[in-house]
Protein chains: 4
Amino acid sequence: MLMTAREYINSLRKLELNLYLLGDKVENWVDHPIIRPSINAIAMTYKVAHEPENSALASVDSSLSGEKVNKFNALFLSTDDLVKKVKLQRILGQRTACCFQRCVGMDGINAVFSTTYEIDQKYGTEYHQRFKKWLSYVQQNDLCVAGAMTDVKGNRGVPPMQQADRDMFVHVVERSSDGIIIRGAKAHQTGAANSHELLIMPTLRIREGEEDYAVSCAVPSDAKGVTLIYGRQSCDTRKLEGGDIDVGNYNFGGQEVLIILDDVFVPWDRVFVCGEIDYSIVLVERFAAYHRQSYGGCKAGIGDVLIGASASMADYNGVRKAAHIRDKIGEMIHLAETIHSCGLACSYEGWRTMAGNYQSNTLLANVCKLNVTRFPYELCRLAEDIAGGLLVTTPSERDFRHPVIGKYIEKYLKGVPGVPAEARYRMLTLIHAMTFGLTAPSYRTESMHGAGSPQAQKIMIERETDMEYKQKVARSISGVDDRENVLD
Amino acid sequence: MLMTAREYINSLRKLELNLYLLGDKVENWVDHPIIRPSINAIAMTYKVAHEPENSALASVDSSLSGEKVNKFNALFLSTDDLVKKVKLQRILGQRTACCFQRCVGMDGINAVFSTTYEIDQKYGTEYHQRFKKWLSYVQQNDLCVAGAMTDVKGNRGVPPMQQADRDMFVHVVERSSDGIIIRGAKAHQTGAANSHELLIMPTLRIREGEEDYAVSCAVPSDAKGVTLIYGRQSCDTRKLEGGDIDVGNYNFGGQEVLIILDDVFVPWDRVFVCGEIDYSIVLVERFAAYHRQSYGGCKAGIGDVLIGASASMADYNGVRKAAHIRDKIGEMIHLAETIHSCGLACSYEGWRTMAGNYQSNTLLANVCKLNVTRFPYELCRLAEDIAGGLLVTTPSERDFRHPVIGKYIEKYLKGVPGVPAEARYRMLTLIHAMTFGLTAPSYRTESMHGAGSPQAQKIMIERETDMEYKQKVARSISGVDDRENVLD
Amino acid sequence: MLMTAREYINSLRKLELNLYLLGDKVENWVDHPIIRPSINAIAMTYKVAHEPENSALASVDSSLSGEKVNKFNALFLSTDDLVKKVKLQRILGQRTACCFQRCVGMDGINAVFSTTYEIDQKYGTEYHQRFKKWLSYVQQNDLCVAGAMTDVKGNRGVPPMQQADRDMFVHVVERSSDGIIIRGAKAHQTGAANSHELLIMPTLRIREGEEDYAVSCAVPSDAKGVTLIYGRQSCDTRKLEGGDIDVGNYNFGGQEVLIILDDVFVPWDRVFVCGEIDYSIVLVERFAAYHRQSYGGCKAGIGDVLIGASASMADYNGVRKAAHIRDKIGEMIHLAETIHSCGLACSYEGWRTMAGNYQSNTLLANVCKLNVTRFPYELCRLAEDIAGGLLVTTPSERDFRHPVIGKYIEKYLKGVPGVPAEARYRMLTLIHAMTFGLTAPSYRTESMHGAGSPQAQKIMIERETDMEYKQKVARSISGVDDRENVLD
Amino acid sequence: MLMTAREYINSLRKLELNLYLLGDKVENWVDHPIIRPSINAIAMTYKVAHEPENSALASVDSSLSGEKVNKFNALFLSTDDLVKKVKLQRILGQRTACCFQRCVGMDGINAVFSTTYEIDQKYGTEYHQRFKKWLSYVQQNDLCVAGAMTDVKGNRGVPPMQQADRDMFVHVVERSSDGIIIRGAKAHQTGAANSHELLIMPTLRIREGEEDYAVSCAVPSDAKGVTLIYGRQSCDTRKLEGGDIDVGNYNFGGQEVLIILDDVFVPWDRVFVCGEIDYSIVLVERFAAYHRQSYGGCKAGIGDVLIGASASMADYNGVRKAAHIRDKIGEMIHLAETIHSCGLACSYEGWRTMAGNYQSNTLLANVCKLNVTRFPYELCRLAEDIAGGLLVTTPSERDFRHPVIGKYIEKYLKGVPGVPAEARYRMLTLIHAMTFGLTAPSYRTESMHGAGSPQAQKIMIERETDMEYKQKVARSISGVDDRENVLD
């Protein structure tokens, strides 16, 4: 089944979330002006699946049911599927200019799918069947799934069992014939309040004696014991002001939530890993490889909007043809396309898991993400250069509409003839939103920390490269080992 | 006279500003929570002048009156004075973590001082005496002066007289025996609403036929015809929320104002340039050389706070000794000190003007500023890396204080034992304020555009270098010209 | 037919080149110690085609004859063919650690193939058939083809016809019923002295009135009127010294030649463009897109050797596990893989020409190359950091073998126990060769200027991007245009 | 006394060096074409001292004798002296375009001067008097002193006493009433074969039990037991070819030597440290702070030549006014001046030692050097971009002079009218020499490793900053500690 955007939004109304925002429990969260843009962003993933020009990217015939399902709930069954994923993500980045949140679930689904298969192979468990059943349910109802991996971690220098408070990592506190009870918290949970289901996954390598921490399961977002606390983001309350300019991006936005799991019961048919410590890191790394690939799509797409906005500001200022402006815009394009190239490369070079779905190339996905921790920042810097100081000194929308001073702003904020001051003002606030404001976390912080901080990528890159071969050819060419004779 | 911080703040209450903020005319602006932190930041320039350990940097015996005056109203009478300026600016950056706004006036005062001297020499005018009289008044009353240079510019591709609207640059619209009437607007006016006086200066090279645009004069900030429109900055309304954490920097902040000059009358004894087109660019470049030097002080000081905050976050997270964290913090220090080194170098290498005050070295001041357009951005990026994703996902202060969910936040936001979650939360919001929020414009946008955008520095660097000598030695060493014989 | 490496080398002996090197006409150039390593590097392209593990990449069933031909003489008939190309290039870069020179021909062949097809379509000419005939001859005999594009250009500020000397660009000086006579010179001709055939192509957009400059044709490298002047490269005469260490890379090297075409006659059946000015730039850009793709293969492969050598030096010095060394090596891998990712992406995203062969994606190929103008330089810098100062202060091979002082060197150049000083010495000279010496032009200068200097890529990137779409989404999201409603 | 350049060169003839080069013992090394340019470069330090326009920088009235002595043998008695040092170094860099080698001695002299004073204060030894006596002798005879610090180090992971071979660090092997006998080797010894005296210093922190390794003393360069082995540098044998173009820089060059100390006797009056382990690191760090300052002079000066050469190439190619060329040249200037600014800043901010001479500011000197490990590489990259591919493909000088092909080169290597091909050729070879060739080690490798590799600077920067103060202000501003009230 493919829900429409409207159906998706209405489906959320049925959830009974225990959600807090700015110190208050929010009842009608679907229509809350701070939250709604983030719902709209996810809704775009539902909308594009119905668009003739995008449906080939955004919908898939399910390998489980044969029915058409949303790409975000689908398995990647070929490298082509992986490529389509990043191309779709780029389009969605262009259409929303922010994080559309549904990738974590998609990437989690694929990682749990292949990992449970291998666990079952080794341990004779039944996780994979359970998971497929749950996934069928998700696909059939076109639910939105939030992948929930990042634990709060407490003291980073110490593993789970040595924490002063053992709840710093989500873990099983009780097992019964019916299911398990879990406790802990997941931080920075992208889109969690806009999702029907939370797919819980461990966050790091679990070692012997830490079996309780090796847990993956699915929890409805309004299950008993689940509390969601909405994260503050830059300029969030501008959405409460009533205007549509100062927010920069009126319709769309990201969402990050702190999920509290206070003794949440999970029945066995929703439990996908429980104690198999050796597969914990497998699951983490597969998810990471997918999600590091993802940024090669969305961050290129968001970058496209920033590039377009910067070029438009240059137009409005009358400097579009200045050599240094052209050079800077050219550089922005170059950086965005480098990110996308890496996203494409790790997709095309993907590999088939034992379970039959495809993984992105681990080395190249990490290379992709490491570039993402750098280039969007330079894109922001260049956009701020091109936009000019007005970016942070512009009057407010209410000043602009003010009977007395509005005319001054209209007069003095004009750029080239033919472009109203308001257009320039709007473009400035969009750039502001992307570099400082409401969606800056989508473009900057997520690029830095999403799917793991840069050091995590450095470590994986070091590990995944074939250094022995590199050293072998160096020894051969230098003559430390026997040199290769081309005539041999 | 040296006012105390308290006296300065009280003195502002006497001003009858025509000031707009968020669509409203503000009456008690001194106590307005959005504005007050910016007043506090300037007040720090008054406070340090009384501190025994800083008075040698922050106060000076006036060359006009012999009396002790605030450094920000003083002339630079030696390279040592220039050095003291940047060292003071670094201290103030450390104490406020934002723009303390008073440098524009200090730099404008020194630029107008030497320029008016030279105009008088050439044209037999009396601007310099007038200016000294005004400056004595400013010094004696320890007034705060806002330097007002940047015109709104309209279509950047076109000079003042070719603009569709001739008011895109401030200009004289009427001359009488009493004085002149000026019209136009000055954008991004740092600290203008916290100043007693506005020192108007032209913004670019004025050409023949544009004599009306070559105008410099002093205008009280509450003069008839002056309207101030407060610029929005990231997260500005967090100051209205009542808490003291989410703002990040509760006490201090910057300020940018759009000044409308709607036919403002200026008596002749406050007019310092009026039609001398050939000195317009002299004034602009002298101001720019001073102000590009200034950033070698303040931005290093603000950087120190960001470095300290990043190191503290690493402490709280338990990763302070991780090699990659140490490397990143080392890099941050390196970048901040490179900026400061450039600020020091252009100060030590200053030169004496005909009027007797000292200018920073033009080439090196531009080099300083060009680094400032880059390095703070990298410092922000590294700080965001070290801080972690919580930077943009942390709950609000009201959640933290909430009777039901507060305990969850307390529990799950803790880092290493011994450090309360609140400390970690506070440090995060400080870093957030500096990189995204309230004071990010002070550290990012000002670094980019203050005292001219990077391309302006590139052009000056190209112009100020002795390229002919560089090519001469290249020709000599290559043998294109006769080679130098060391035995000759 | 597939020649072996030995057959290739012997086939060169039959050529009667008019070749000058260091001021002398060289007779037995095949065995000349300065030249031979560059022949060996090309020979590797012949060798790998016979290797079972590489033949799938290195040989192809010809679409012209159905017979197996070398990849370097083949047409790219699918995106998969393009991908195989860059993967093969990476392997060859790893095996030779330098430029193996044969790509220019391969890329030229493919560009001329599709361009001649389109010229014929438009003008009813027969170039394409002629070209296929010539290509069949090349494939059948497994000849080595040098693509010859770059004219010497004279005054870069001025087009061909305004040059003081009209011969600054290769052009037709005479036409007859038998053929044409061409004059001019082609600079930086990679591998020209190791090739059987020169494939001449124009170097820039040709305009009306410059018809004589729109010329592409094939010339045997030993044709009458062709003079080849061997370019000097760093440390070239070390190959004459007799040892095998100080050269760094004893077996392999690059080659750059200045080709003089002094009234060379070309029969019509070897002429592929002659006066069709509108296709000149098509040919140039298709070649450029191929060759900018190529660097995503070879330069990653050469980088692998440099990474392996750096890691080995770190081993030998006993610092392999130091955090900063690991970080630097990780960075080197990251940069090399970013280059390769771009090479892969532009290959996978290739497109079919009217003639049926495939072009790499133009935008992404330019992005690839622009990264190549930057990252190898940083790889060199990091390698020099890791290698240590000994890189440029090490004694000579003859000192090492010297009866008196050899023992000192043996003693004092040792690193960790178990590794002989000579191994360390050899690894140093390899790194030296790649960063300063014999093969540094292959890795640095070619990366910068091969297939066009960085500014050429900047221009293409600006042109190839869909800026209108980027601006459209920016206008939509900012509300300058109507905003997209996700519910519509 | 001030020797002339000629006198200096003649004075070298009296030395009986045991010097090896390319496997041969060299007798008349002063006139050896490979060595002579390096002697000329040092000779320039003698020449400038006699030039009226430079004598104020290049000569000093000795604080020991009152007589005029060369700056390179003088003590720095004020921050002004430190500033003059870097300004002189910049001039010498401009005049030689390479390393003029005499700074190591100057910096060593000043470091040993202050350290011996403090050792004597603590231990009642007489090192300082001895050192002053030796320094007077050096000053009086205007000798050239090579500072010899860097040990060969063997396994970098292990301290001196744990090395498989204890001679990896220079140490005392015997003590007698007459003096000491030392053994070991010093690597990368800049200018050692052009110096009269070697000033031996330890290379790292010496710990208890390693007393024999804490040794500093002066040894004549031709003392018994001293063997000098000349290091190979890129393109060194081009100097033997007879021409004057292909070398790039015909008159000047650097020099790096491996010094073998095979049981060299040193009388007590030349011994300045012997076993005082706690001062070993003091001496090392003082030397390092001086030498890291030095690079803020010379590398800016060498950069000037590269900038001039690049601009000249752009002139010759007819592209000097192209926006991207201007931007790149502007960037080169910016980077060179940033280096120089850091060199100036650490000089102006110097401090007085107990012995009365002045040290550069340690933190800023390290910041200076860390920039030097980066920016010259980018300057080279930009120069290579501007120069064009001809940099590594140009024919040889002998081709250029060849009766048959010379005319082709003359014709086809021309750029803009009015500039002979030879001028362009010469400028190319100069850029080649600085980026790949003979003097590239002076500009690249020395910048990287001279005075310690980049990681050494990172560590010092981390240590020298006042992090506690940075964290204090961060705690205060964030409210973790009490916030500063500006009204207090």
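C:Ala58 touches C:Val48, C:Ala49, C:Val69, C:Asn70, C:Lys71 and C:Leu88, leaving aside residues up to four places away in sequence; contact here means heavy atoms within 4.5 Å. This is a predicted model, in which local features need pLDDT of at least 70, side-chain atom pairs count only at pLDDT 80 or more, and totals for chains, interfaces and linings use all residues. Residues are numbered from 1 along each chain as its sequence is written, chains are lettered from A and ligands numbered from 1 in the order in which they are written, and side-chain values use heavy atoms, with hydrogens and water left out.

Let's stay with C:Ala58 a moment. Its place is in helix H3 (residues 55-58) of chain C; helices (H or I, at least four residues) and strands (E, at least two) are DSSP runs, numbered from the N terminus.

Buried means under 20% relative accessible area, exposed over 50%, and partly exposed in between (1.4 Å probe, protein chains only).

| Residue | Relative accessible area | Class |
|---|---|---|
| C:Ala58 | 1% | buried |
| B:Leu22 | 12% | buried |
| A:Asp263 | 35% | partly exposed |

Now to the backbone. B:Leu22 has a positive phi of about 50 degrees although it is not a glycine, and it sits in the loop between strand E1 (19-21) and strand E2 (24-25) of chain B. A:Asp263, also not a glycine, has a positive phi near 60 degrees; this residue belongs to strand E11 (residues 256-267) of chain A.

Next, a helix in chain A. In helix H1 (residues 5-12), A:Ala5, A:Tyr8, A:Ile9, A:Ser11 and A:Leu12 are buried. Seen down the axis of H1(A), these buried residues fall within an arc of 160 degrees, so they line one face of the helix; the arc is that of the directions from the helix axis to the C-beta atoms. They pack against helix H2 (36-48) of chain A.

Finally, a meeting between chains. The axes of helix H14 (residues 440-449) of chain A and helix H10 (residues 375-387) of chain B come within 9 Å and cross at roughly 55 degrees. Axes are lines fitted to C-alpha atoms, for helices over the stretch in contact, and angles run from 0 to 180 degrees between N-to-C directions. On the H14(A) side, the contact is made by A:Arg444, A:Thr445, A:Met448 and A:His449, and on the H10(B) side by B:Arg381, B:Glu384 and B:Asp385.
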